[in-house]
Amino acid sequence: MEQLEPPTLTGEMLVLRPLEAQDIDAILEISNDPEAQRLGAHQTLTRGDAVRLIADSSECTDRLALAVRTVVRDTLVGEIVLDHIDWESSSAWLSIEMRPAYRGRGYDTEAVVLMLELAFDEFRLHRIGVNLPAVNYRARSMYESLGFRMDGRLRDAHRDGDLWCDAILLSLLADEFHVSYPIRSPDHTR
């Protein structure tokens, strides 16, 4: 597979677009937020890490990271990632992280739907999975409302402060997604 051409996806409230240097401070805010760490962010980034992440993202064939920005004010509210894209098995893993001030406003749901449309309709993937700490009840509820189903549980796979918690594995198949979100016509612009 050639390099992924980072798309721009537009919804009602949000635009998903490639990460840029102007996004570094917001990405650092997300990665260094204690609640984000508890709910699933897997790494704390330094400024240098964030610069490399953005620079390297345009050269990946198995990872697509996009900024989640508001349509009205063009404010970065989060980051969404389609990761470990396996073109042979037609599957990938999805994650989303929101800035603290923008959690619980429905932005994550719209961003996930936009990314799922891209994954299933344009990339023609068959399966998208998510791996959540069991303590992230809000994210699990959101994914289940979109049709994701439980695949399993990994015992003590995530840190929760000084303690451990299980990982919840969920997935969604293309045909399950298309029951609620039919493929858009070819003349539809993103």
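Biologist: Why is Glu20 called partly exposed?

Modeller: Glu20 has 35% relative accessibility. Buried means under 20% relative accessible area, exposed means over 50%, and partly exposed lies in between (1.4 Å probe, protein chains only). Glu20 therefore counts as partly exposed. The model is a predicted one, in which local features need pLDDT of at least 70 and side-chain atom pairs count only at pLDDT 80 or more, while totals for chains, interfaces and linings use all residues. Residues are numbered from 1 along each chain as its sequence is written, and side-chain values use heavy atoms, with hydrogens and water left out.

Biologist: What makes the pair Arg17 and Glu20 a salt bridge?

Modeller: The closest N and O atoms of Arg17 and Glu20 are 3.8 Å apart. A salt bridge is a side-chain nitrogen of Lys or Arg within 4 Å of a carboxyl oxygen of Asp or Glu, and the pair is therefore counted as one. Arg17 also forms a salt bridge with Asp23, at 3.1 Å between the closest N and O atoms. Both pairs belong to a network of salt bridges that links Arg17, Glu20, Asp23, Arg69 and Asp74.

Biologist: Are Arg17 and Asp23 buried or exposed?

Modeller: Arg17 counts as buried because its relative accessibility is 10%. Asp23 is likewise buried, with a relative accessible area of 1%.

Biologist: What does the salt bridge of Arg149 and Glu176 tie together?

Modeller: The side chains of Arg149 and Glu176 meet at 3.4 Å, N to O. Arg149 lies in strand E7 (residues 149–160) and Glu176 in helix H6 (residues 174–180), so the pair ties together parts that are 27 residues apart in sequence. Helices (H or I, at least four residues) and strands (E, at least two) are DSSP runs, numbered from the N terminus. Arg149, at 52% relative accessibility, counts as exposed, whereas Glu176, at 22%, is partly exposed.

Biologist: Why is H4 described as largely enclosed by the rest of the structure?

Modeller: Of its 16 residues, 14 are buried, so H4 is largely enclosed. H4 is followed by Arg124, whose phi is positive, near 60°.
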